[in-house]
Amino acid sequence: MNKNGFLYRTFDLYYDGFRNMTLGKTLWAVILVKLFIMFAILKVFFFPNYIGQHADKGDEAGFVANELIERAAP
């Protein structure tokens with residue numbers, strides 16, 4: 001592999017940076033745990049599948065279009 005290539009130098013920069021981290025590894029772990037909590041746990045409990053529950057199977061787009069038209073009309 002060409003060691004002067006852009007992709008190699010970019011990969012080497014990030015690889016070397018993550019390898020030499022001490023506090024950064026802990027911070028990345030905290031970030032990943034927070035993202036897991038936000039996307040996995042909160043979604044299940046606080047954001048129900050409204051369209052899936054109210055629309056006919058296969059007509060989700062029609063349901064959304066109908067809702068938008070009804071809400072926009074005074």
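The following legends describe close-up views of a predicted model.

**View 1. Confidence across the protein chain of the predicted model**. The protein chain has a mean pLDDT of 86, with 97% of its residues reaching 70 or more. Confidence is lowest in helix α3, residues 50–54, where the mean is 86. The highest value belongs to helix α4, at 90.

**View 2. The salt bridge between Asp16 and Arg19**. The closest N and O atoms of this pair are 2.6 Å apart. Both Asp16 and Arg19 belong to helix α1, which comprises residues 6–19. They are three residues apart, or about one turn of the helix. Asp16 has a relative accessible area of 31% and is partly exposed. Arg19, at 47% relative accessibility, likewise counts as partly exposed, because the exposed class applies over 50%.

**View 3. The salt bridge between Glu67 and Arg71**. Here the closest N and O atoms are 3.6 Å apart, a separation that qualifies because the criterion is a distance within 4 Å. Glu67 and Arg71 both lie in helix α4, residues 60–72. Four residues apart, they are separated by about one helical turn. Arg71 counts as exposed, with a relative accessibility of 64%.

**View 4. Salt bridges of the predicted model, shown together**. The count comes to two salt bridges. One of them joins Asp16 to Arg19, with both residues in helix α1. Another joins Glu67 to Arg71, within helix α4.

Key:
Residues numbered from 1 in each chain as written. Predicted model: local features only at pLDDT ≥ 70, side-chain atom pairs only at ≥ 80, totals over all residues. Heavy atoms only, no water. Salt bridge = Lys/Arg side-chain N within 4 Å of Asp/Glu carboxyl O. Helix = DSSP H or I, 4+ residues; strand = E, 2+ residues; numbered from the N terminus. Buried < 20%, exposed > 50% of the residue type's maximum accessible area, 1.4 Å probe, protein only. pLDDT = per-residue confidence, 0-100.
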